[in-house]
Amino acid sequence: MKAFHCDRCGGLVYFENVQCLNCGRKLGFLPDCGDLSALEPGHDGWDRALTPRAQGARYRRCRNDLDHHLCNWRIPEGDPHAYCRSCRLNEVIPDLDLPGNLERWRKLEAAKRRILYSLGQLGLPLGGVPAENRPALRFRFLGPDAYGALPLTGHFSGLITINIAEADDDQREGQRIRLHETYRTLLGHLRHEIAHYYWEQLISWTSRIPAFRRVFGNEEQNYEESLGRYYFYGPAANWPDHFVSAYASAHPWEDWAETWAHYLHMSDTVETATSLGVMLRPTHPDAASMQANPALLTGQDDPFDSILAYWLPLTRALNSLNRGMGLPDLYPFVLPKPALEKLRFVHEVIRASRNNRIHTLRSGS
Ligand SMILES: [Zn+2]
Ligand SMILES: [Zn+2]
Ligand SMILES: [Zn+2]
């Protein structure tokens, strides 16, 4: 995600902010132009955008902001919906009569808005293709049922279900340690589950399936058996030579989802760093491999190798900074060559989708 600046004072403001902490100006995210804008409240109940991208255009607050103060996305004039583009994708929200659920939901929505921003930046469709019976993206945030059974986080036909207990830091961290994972976040869950949605949209119904199988293997192998084997025996000892994570080795679908999620980690972080002009120019005379120049990326259709050339030194620098704060590595991954080729495949598929070069098998092309 790019770094945002207040239109009034130029100070750095965060995607989640509702107000500039430097000058006090009200802020809202404008999904139709992908920008966090300072706002001028009008006497007519509308806010006027101050960003040059939508100068003077009128926007309303989202219903989830009016009712619960948990959304800073705005609704443009002419859009009759009570909810913003993000909130209207919810099919089920947590039971707000239960203590703690409002805070859980707040964290889930924050992660969801971030990923929706990324999907917009990457030019990925959210609406499905109704004429071809292909579903739109939707969300369910579920707690335990009346008998205390926990919902499973997962994806089915465009509907992403998230177990809201994952919003509790102690729960999520406990799971991460139990499952020997190096990385577990709400954002990571959403990126992973959305990957399954885009596998259906961009691979399974399309002419790309043979190319997918060449890179990830044949996904027709029994999914339940593969996962059963993974949870019973654990990953193969040599998984780090082939996969981006241990779980990616469970089945080609999970490999795709883990790789896709990783690609979104990369593209989001690279966008932030380049928009801030983060440049690496180590003082050591032999540290050429640690140089990173944001000027070599345009942010539009950059080749995968150019992104990688910026990304790898950046991750090492970020890990070094974290260690200085006594924190775990920000980027606890090592990418083997096959995982890089899978990331390249995801990059090319997203690029093809953006440029309308994905052909459905149904259209016969
Ligand atoms: Zn300001
Ligand atoms: Zn909203
Ligand atoms: Zn999965």
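This is a predicted model: local features need pLDDT of at least 70, side-chain atom pairs count only at pLDDT 80 or more; totals for chains, interfaces and linings use all residues.
Residues are numbered from 1 along each chain as its sequence is written, chains are lettered from A and ligands numbered from 1 in the order in which they are written, and side-chain values use heavy atoms, with hydrogens and water left out.

**Exercise 1. Describe the site of the zinc ion (ligand 1).**

Step 1. Find the donors, meaning N, O and S atoms within 2.8 Å of the metal (3.2 Å for Na, K and Ca); water is not among the atoms, so sites may look incomplete.

Step 2. Classify the geometry. Four donors count as tetrahedral if all angles lie between 85 and 135 degrees; four count as square planar and six as octahedral if opposite donors are over 155 degrees apart and all others between 65 and 115; anything else is irregular. The 4 donor atoms around the zinc ion (ligand 1) subtend angles of 102 to 117 degrees, so the arrangement is tetrahedral.

Step 3. Helices (H or I, at least four residues) and strands (E, at least two) are DSSP runs, numbered from the N terminus.

Step 4. Check burial. Buried means under 20% relative accessible area, exposed over 50%, and partly exposed in between (1.4 Å probe, protein chains only). Cys6 and Cys20 are both buried.

**Exercise 2. Which residues are the protein donors of the zinc ion (ligand 3), and how are they spaced?**

Step 1. The donors are His192 (NE2), His196 (NE2) and Glu254 (OE), 2.1 Å from the zinc ion (ligand 3).

Step 2. In sequence they follow H-x3-H-x57-E. His192 and His196 both belong to helix H4, 4 residues apart, which is about one turn of the helix. Both of these histidines are buried.

**Exercise 3. Characterise the second largest pocket and locate it relative to the domains.**

Step 1. Apply the criteria. On a 1 Å grid over the protein atoms alone, a pocket is an open set of points with protein on both sides within 12 Å along at least five of seven lines, and lining residues have an atom within 4 Å of a point. The volume of the second largest pocket is about 840 Å³. Of its 32 lining residues, Tyr183, Asn322, Asp329, Leu330 and Tyr331 are the closest to the centre.

Step 2. Assign the lining to helices. Helix H3 (169-178), helix H4 (186-204), helix H7 (252-275) and helix H8 (304-324) each supply at least two residues. H8 gives the largest share, 7 residues.

Step 3. Sort the lining by class: 17 residues are nonpolar, 7 polar and 8 charged. Ala, Val, Leu, Ile, Met, Phe, Trp, Tyr, Cys and Pro count as nonpolar, Asp, Glu, Lys and Arg as charged, and the others, Gly among them, as polar.

Step 4. Compare with the domains. Domain 2 (86-195) and domain 3 (206-365) both contribute to the lining, so the second largest pocket lies between them. The domain bounds come from an automatic or database domain assignment.

**Exercise 4. Is His69 buried or exposed, and where does it lie?**

Step 1. His69 is in the loop between H1 and E7. Its phi is positive, about 55 degrees, although His69 is not a glycine.

Step 2. With a relative accessible area of 56%, His69 is exposed.

**Exercise 5. Is Glu109 buried or exposed, and where does it lie?**

Step 1. Glu109 is in helix H2 (residues 101-121).

Step 2. Its relative accessibility is 0%, so Glu109 counts as buried.

Technical notes: On a 1 Å grid over the protein atoms alone, a cavity is a set of points where a 1.4 Å probe fits but cannot get out, and a pocket is an open set with protein on both sides within 12 Å along at least five of seven lines; lining residues have an atom within 4 Å of a point. Grid points are joined across faces, edges and corners, and a volume is the space filled by probe spheres set on the points.
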